[in-house]
Amino acid sequence: MYRMDNCTCYTTQSQYDDFPGSYTDYHTCDNCNKKLELKNKIKKEELKSHLEYINSIETLNFVPIKNALTKYRNTTSISNSDKWIVNNLRSRTYTVLQVHKKNNRWICSKERLDEIDFKVFR
Ligand SMILES: [Zn+2]
């Protein structure tokens with residue numbers, strides 16, 4: 001575990017009640033908690049401003065959702081199934097992509113897809 005100078009994180013060993021052996025409990029110190037909180041806050045703000053930027057892009061063309069799937073895979077190196085990713089892209093998280101069904105095909109905004117950074121959502 002990486003430790004900062006002012007880190008007082010510690011672990012304790014406890015015995016199982018019902019069978020032999022012990023397990024480790026991790027206790028995160030205030031300094032590490034604060035650091036983590038700040039990190040999460042920065043990440044949230046980054047996502048917010050990215051969404052604002054994507055929302056400001058005008059959609060002129062729509063492309064098959066398969067294009068979004070390909071970009072998602074290439075930028076996130078996620079190994080979930082195609083179906084899982086497409087469902088995810090259709091969720092509220094990606095409203096900015098304007099995913100919808102037309103003539104029985106799922107499509108999304110080309111201009112917004114070009115600019116979106118899927119890494120920011122992770
Ligand atoms: Zn710590």
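This is a predicted model: local features need pLDDT of at least 70, side-chain atom pairs count only at pLDDT 80 or more; totals for chains, interfaces and linings use all residues.
The domain assignment of the chain gives two parts to keep in mind: domain 1 covers residues 7-41, and domain 2 covers residues 57-121. Taken over C-alpha atoms, the centres of domain 1 and domain 2 are separated by 38 Å. Two pairs of residues give further distances along and across the chain. Cys32 and Ile85 are 53 residues apart in sequence, and their C-alpha atoms are separated by 33 Å. For Lys39 and Gln98, which are 59 residues apart along the chain, the C-alpha separation is 29 Å.

Strand β1 spans residues 10-15, and strand β2 spans residues 22-27. The two pair in the antiparallel sense, with 6 bridges between them. One of the residues to look for is Ser14, whose bridge partner in β2 is Tyr23. The hairpin of β1 and β2 has 6 residues between the strands, and in this hairpin Gly21 takes a positive phi near 115°. Is β1 buried or in the open? Of the 6 residues of β1, the number buried is 0, so the strand lies largely in the open.

Helix α1 takes up residues 30-55. Cys32 has 18 other C-beta atoms within 10 Å; because a residue needs 20 or more to be buried and 12 or fewer to be exposed, Cys32 is partly exposed. Lys39, by contrast, has 10 other C-beta atoms within 10 Å and is exposed. What does Cys32 contact, leaving aside its neighbours within four places in sequence? Its partners are Cys7 and Cys9.

Attention now turns to a pair of helices, α2 and α3. Two packed helices are described by the angle between their axes and the distance between the axes. Helix α2 runs over residues 65-76 and helix α3 over residues 82-89; their axes come within 10 Å and cross at roughly 110°. That angle makes α2 roughly perpendicular to α3. On the α2 side, the contact is made by Ile65, Ala68, Leu69 and Tyr72, while α3 brings Asp82, Ile85, Val86 and Leu89.

The loop between α2 and α3 holds Ser77. Most residues other than glycine have a negative phi. Ser77, however, has a positive phi near 50° and is not a glycine. This residue counts as exposed, with 8 C-beta neighbours inside 10 Å.

In what order do the strands stand? The order is β3-β5-β4, and the pairing is antiparallel. β3 (62-64) and β4 (100-102) stand at the edges, each with a single partner strand, so one side of each has no neighbour in the sheet. From one strand to the next, the twist averages 50°. Strand β5 covers residues 105-109 and pairs with β4 in the antiparallel sense over 3 bridges. Within this pairing, the bridge partner of Lys102 in β5 is Arg105. β5 also pairs with β3, again in the antiparallel sense and over 3 bridges. Here Val63 stands opposite Cys108 of β5.

β4 and β5 form a hairpin with 2 residues between them. Asn103 is found in the loop between these strands. Although Asn103 is not a glycine, its phi is positive, at about 50°. With 5 C-beta neighbours inside 10 Å, Asn103 counts as exposed.

Definitions and conventions
Residues are numbered from 1 along each chain as its sequence is written. Two strands pair if DSSP finds at least two bridges between them. Helices (H or I, at least four residues) and strands (E, at least two) are DSSP runs, numbered from the N terminus. Axes are lines fitted to C-alpha atoms, for helices over the stretch in contact, and angles run from 0 to 180 degrees between N-to-C directions. Domain bounds come from an automatic or database domain assignment. Angles under 35 degrees count as roughly parallel, over 145 as roughly antiparallel, 65 to 115 as roughly perpendicular and the rest as oblique. Two residues are in contact if their C-beta atoms, placed from the backbone, lie within 7 Å.
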